[in-house]
Amino acid sequence: MKSTLKKLLPFAVVGVISGATTVGAIQYFGHGSNNGDQSFFTASAPNTSFAGMNTGAVGDDFVKAAKTTVPAVVTIKNYQSRTASRATEQDLFDYFFGDPFGGRGQQRQKQQQAPDNMPSGMGSGVIISPDGYIISNNHVVAGANKLEVVLSNKKSYIATLIGTDPNTDISLLKIEEKGLPYLNFANSDNIDVGQWVLAVGNPLGLNSTVTAGIVSAKGRGIGILGSQGKASNPIESFIQTDAAINPGNSGGALVNTNGELIGINSAIQSTTGYYQGYGFAVPANLARKIVEDIKKFGIVQRGFLGVSSLDLSNDQQVQAYNKQFKTTIKSGSGVYVTGFGDNSGAEDAGLKKGDIITKIDNYEITDFADLSMSIGSKRPGDKVQVTYSRNGKEATTSVTLRDQKGGTSTRTKADLSVTEKIGAEFDPLTERFKTEYGLNSGVVTKNVSEGGEMAKIGIVDNYIIIEINGKPVNSQKDIESILSKYQGNVQVKFVDDYGRMYTKGFKMP
C-alpha cells in the first residue's frame, strides 16, 4: 500500500500544481469578466495597474491613432517590363530591408522575373492631401513603368509619378480622386526619444497592419543611401524605432499617438532581411520639404554650405583621416571642415579649414547626420547662422546657401540643362576603343540618376550611347545640341556592357 502511494504521490503533486496554474491563468486572462458565476475570482482594486505602463491611456491613444492612420495608408504595386535593365533586376528591398551595414549574411536567391501582369514589388504610401497626392519611398517606385495604388477599402487606381529624390529616398505620386482621407505632417523636430509611435503599412502582403513601439533614437545616419551609388548627395538623419517594420512597410507611415505623420518608414537593420527591432524612417520635416519642392518646382531644391568635412563622432573616419594626411585630429562632437568646393558660401562667409561646426541656427551639430539634416531641409538663397569653434574659441557667421553650380535662386525643370533633364552625363569614347569594337561613334554614360529618363529605359553607368534620334554622338555637347530645344519622343541607340545593342526611347521632359 505504501509502495502504491509513493508511486501515485508525484502524479498528485503534478495535478495540484497543474490545477493551481490553470486557476492562475484563468484569473489572469479572465480578469474583469462580467460572469457573475465566477465570483471566486478576486477583483483587483480599482487603482491598481501593471508596473511601468498606463495601459488604459495608451490603448485608447493607439486605437484613435490607428483609426486615423489606416485609411490614409495605401499599397503601391510596382510593375516593370520583362526587358527592364540590369539596374532594376536587383531587388531594391534587399538594400533597404537587408542589413544596411553589409552584414546581411546569405543573400536571398534571385526570384524569377515577374510576368508583365504581376507586380515586381510592393510597398506602401501615405495620402497627404484629399485630392490624391501620395508620399512614398523612391526605392518603392524605382524602375516602374506602371504604378498601381490600392486604398485600404480595396479601391484601385493607376498613379502618376510626379517626382522622386534618391538623396532622401522620397517620391511623390498622384491619383485622380477627391475627398480622400489623409494625414497631416507633424513637426518631427519635436519628437522625443522614448515616445510612443505606430508604424502602419503593408508588410509581407499583410494589408493595413499597425505595429507599436517607441522612438529609439533620432538623427541616425546608417549609410544606406550612399552605398547604393544612386544618391549623389545623400541626406540621412533617420528616426529609429522598434515598432515592427518589414518588407512592404517601406513608404508607410510612422505616426504619433495623435495620428500625425512624423516619418516615412524606409529601412531596417537586420541580418535576415526581416524585423529585428531596428527600423528607420525619414523625418516628416525633411519629407515634407522634398514633396513641396517636387510639387511646386518639379525638382528638389538643395542648398549647400560648400564644405568638405570630417565627422568627428566617427572614430574610424578620424583615424583614417589622420593616417592619410598625417594629422592628429581628436574624435569628439561636431563636424570638422577639411576644405571647400567651388563658389562656397561658407568660405565666403569666413569659415576656414580646421574649423569645427557645432551648430546651425539653433540646431546642435554633433555628427554629419545632424549637419546633412539641418542643411538638407534648406533651399538655395536661404541664410543660416553657423556656429563654429576655431582654436578653442567659438564664433558665429551668416552663410548664404548655394546650389551646386553656385546659384542662390530656386530653379524649375525649364531651367535644367539637357543632361539634368534626362538624368545622365557622358564621356567621349577613345578612338582606340571605337576601332577595337568597330564603332563609328559613341559616348560612355556616367552619373545616371535613378528615376531619370535614361534609367527608365534601362541605361546604367558605363553603357555606350551610339545615336540619339538617329544622329551619331561623340560628346556630351553633341547630345545637348540635339536635345536642347527638342520636344517629343527621343530615340536612343545604345550598347550594354555585354555588347548587346538596343533601341529604346522616352518623351523629352
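Predicted model: local features only at pLDDT ≥ 70, side-chain atom pairs only at ≥ 80, totals over all residues.
Residues are numbered from 1 along each chain as its sequence is written, and side-chain values use heavy atoms, without hydrogens or water.

**View A. Six strands close into a barrel.** The strand order is E7-E8-E9-E12-E11-E10, with antiparallel pairing. Strands pair if DSSP finds at least two bridges between them. Strands (E, at least two residues) and helices (H or I, at least four) are DSSP runs, numbered from the N terminus. Neighbouring strands of this sheet are turned by 45 degrees against each other on average, direction ignored. Axes are lines fitted to C-alpha atoms, for helices over the stretch in contact; angles run from 0 to 180 degrees between N-to-C directions. Strand E7 (residues 196–201) and strand E10 (residues 253–255) run antiparallel, joined by 3 bridges. Alanine 199 has leucine 254 in E10 as its bridge partner.

**View B. Helix H7 packs on the sheet.** Helix H7 (residues 284–297) touches strand E11 (261–268) and strand E12 (279–283). Contact means heavy atoms within 4.5 Å. The direction of H7 makes about 50 degrees with that of E12.

**View C. Tyrosine 321 and phenylalanine 325 form a tilted pair.** The structure holds 7 aromatic pairs. Rings of Phe, Tyr and Trp (its six-membered ring) pair if their centres lie within 6.5 Å; planes under 30 degrees apart count as stacked, over 60 as edge-to-face and the rest as tilted. Here the ring centres are 4.6 Å apart and the planes stand at 40 degrees, so the pair is tilted. Both residues lie in helix H8 (residues 315–325), 4 residues apart, about one turn of the helix. Tyrosine 321 is buried at 13% relative accessibility, whereas phenylalanine 325 is partly exposed at 44%. Buried means under 20% relative accessible area, exposed over 50%, partly exposed in between (1.4 Å probe, protein chains only). Tyr321, Phe325 and Tyr336 form one aromatic cluster.

**View D. Phenylalanine 433 and tyrosine 437 are stacked.** Their centres lie 4.4 Å apart, with 25 degrees between the planes. Both belong to helix H12 (residues 431–437); they are separated by about one helical turn because they are 4 residues apart. Phenylalanine 433 is partly exposed at 27%. Tyrosine 437 is exposed at 54%.

**View E. Two lysines sit over tyrosine rings.** The charged end of lysine 146 is 4.3 Å from the ring centre of tyrosine 79. Lysine 295 lies over the face of tyrosine 133, 4.2 Å from the ring centre. A charge sits over a ring if NZ of Lys or CZ of Arg is within 6 Å of the ring centre and within 35 degrees of the ring normal.

**View F. Helix H10 is mostly covered.** In H10 (residues 368–376), 8 of its 9 residues are buried, including Asp370, Leu371 and Met373. Aspartate 367 caps the N-terminal end, with a side-chain oxygen 3.3 Å from the backbone nitrogen of alanine 369.

**View G. Asparagine 391 and asparagine 462 have positive phi.** Asparagine 391 has phi near 55 degrees. This residue lies in the loop between strand E17 (383–390) and strand E18 (393–400) and is exposed at 77%. Asparagine 462 has phi near 75 degrees and lies in the loop between helix H13 (453–456) and strand E21 (464–468).

Technical notes:
Polar contact = N/O pair within 3.5 Å; in protein donor to acceptor, adjacent residues only side chain to side chain.
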